[in-house]
Amino acid sequence: MSLRSKIAGIGMYVPKNVFTNNDLTKYMDTSDEWITERTGIKERRFADRSGETTTTMAVEASKIAIERAGITAQDIDFIVFATLSPDYYFPGCGVLLQRAMGMKDVGALDVRNQCSGFVYALSTADQFVRSGMYKNVLVVGSEKHSFGLDFSTRGRNVSVIFGDGAGAVVLQPTEEEDQGILSTHLHSNGNGAEILAMYNPGTHANHWIKDQKLADFDDAEIGEMFFSHAMIDNAQVFPFMDGPSVFKVAVEKFPAVIVESLEANNLKTTDLNLLVPHQANLRIAQFVQKKLQLRDDQVFNNIQKYGNTTAASIPIALCEAWEQGRVNRGDLVCLAAFGSGFTWASALLRW
Ligand code: UT7
């Protein structure tokens with residue numbers, strides 16, 4: 001049998017600071033009722049403003065994943081780090097993690113695929129393990145969203161959704177016939193790039209934005225400079241999202257990429273022990289569950305507690321599912337994501 005990769009250890013870290021929906025009402029015109037009804041979210045965690053970064057949270061999650069894999073940081077031979085909220089514009093968080101954990105001078109790759117980031121990172125790591133090039137690959141998703149959101153009423157459609165946290169796994173080779181990542185499926189379509197994006201700072205010079213009908217972004221000054229006072233004054237340094245448009249594509253692509261992974265392995269939805277969808281919105285997950293006719297015990301959601309943690313949401317959810325005994329040796333598990341880009345992706349694995 002050819003080599004496959006398996007998840008040998010998994011860990012997660014969320015900041016201690018809990019922010020409920022009611023806490024957000026102190027900053028913006030919103031309500032627990034609106035947020036719960038539209039998203040399922042009840043609370044999220046926000047990192048300590050100066051004490052925690054995307055990388056420091058990743059370190060905490062990685063320590064646990066490494067320990068559970070029965071190895072040390074010195075054994076890691078490659079890092080794949082997914083985030084949209086890096087400590088620096090450059091260099092990426094991969095090298096900061098390598099330094100913070102005192103690892104050898106191993107390769108570190110940063111993945112910028114937003115909500116699909118973890119599945120893209122896992123797929124990349126899987127190829128390195130399958131090829132025999134690396135034996136202990138650390139795959140991380142981490143986000144400190146709270147530093148880059150507009151917490152005034154103007155930004156409420158975006159800011160109520162997101163939370164901070166990190167998740168990590170260690171991938172190792174396995175030759176067990178009934179174990180490991182069976183396949184991964186990656187997609188993108190850039191036609192929706194501006195529908196969910198943070199434009200600034202950037203080098204776009206309005207090139208892509210000028211023809212888009214984006215209600216909040218009609219100021220001619222956007223993008224004429226890399227960074228300007230006007231951008232700050234006009235709140236153009238925050239993420240933009242046309243939520244309803246994203247929702248419509250998400251509920252189409254999520255089921256499609258899950259079915260694609262099952263069909264590629266001659267399996268059916270009834271074979272699935274657990275679907276761990278990217279935690280974008282509980283309504284999206286429920287729509288997908290209904291469409292695929294999955295039972296409640298076949299789907300894992302924890303967005304209620306953490307909000308949408310983008311690249312971190314799947315490893316956090318998978319870690320909690322594993323800790324709760326919802327994932328056991330031999331189980332068929334599907335990870336699926338959709339988000340900014342648009343990008344969407346799935347991974348099917350036997351635990
Ligand atoms: O993981 C990344 C991928 N992102 C997603 O998957 C997000 C997909 N989209 C969504 O989850 C939903 O579109 C949202 C949860 C973001 C929004 O829910 P919606 O049902 O699509 O609401 P909407 O944007 O159509 O807004 C409805 C109303 C508007 O007021 P009017 O125009 O009807 O008077 C908004 O201004 O709700 C208002 N609104 C809010 N009200 C209270 C928007 N945000 C808020 C808020 N609190 N936080």
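Is Ala235 buried or exposed? With a relative accessibility of 11%, Ala235 counts as buried (buried is under 20% relative accessible area, exposed over 50%, partly exposed in between, with a 1.4 Å probe and protein chains only).

## About the model

This is a predicted model, where local features need pLDDT of at least 70 and side-chain atom pairs count only at pLDDT 80 or more, while totals for chains, interfaces and linings use all residues. Residues are numbered from 1 along each chain as its sequence is written, and side-chain values use heavy atoms, leaving out hydrogens and water.

## Domains

The chain is assigned domain 1 (4-174), domain 2 (180-193 + 240-350) and domain 3 (199-233); such bounds come from an automatic or database domain assignment. Between the C-alpha centres of domain 2 and domain 3 there are 32 Å.

Most residues other than glycine have a negative phi, and most peptide bonds are trans. Ala235 has a positive phi near 55° and is found in the loop between H7 and strand S10 (240-241). (Helices are DSSP runs of H or I with at least four residues, strands are runs of E with at least two, and both are numbered from the N terminus.) Asn206 also has a positive phi, of about 65°; it lies in the loop between S9 and H7 and is buried, at 11% relative accessible area.

Two cis peptide bonds are worth a look as well. One runs from Asn200 to Pro201, with omega near -5°, and Pro201 is in the loop between strand S9 (196-197) and helix H7 (229-233). Another joins Gly341 and Phe342, with omega about -15°; Phe342 sits in the loop between strand S12 (332-339) and strand S13 (343-350).

## Cysteines

The whole structure has 0 disulfides, a disulfide being a pair of cysteine sulfur atoms within 2.5 Å. For Cys319, the closest cysteine sulfur is in Cys334, 18 Å away, so it is too far for a bond. Cys319 is buried at 0% relative accessibility, and Cys115 is buried at 8%.

## Around Ala285

Ala285 belongs to helix H9 (residues 282-291) and is buried, with 6% relative accessibility. Beyond its neighbours within four places in sequence, Ala285 is in contact with Pro277 and Asn301 (contact means heavy atoms within 4.5 Å). Phe254 is 31 residues from Ala285 along the chain, and their C-alpha atoms are separated by 8.7 Å.
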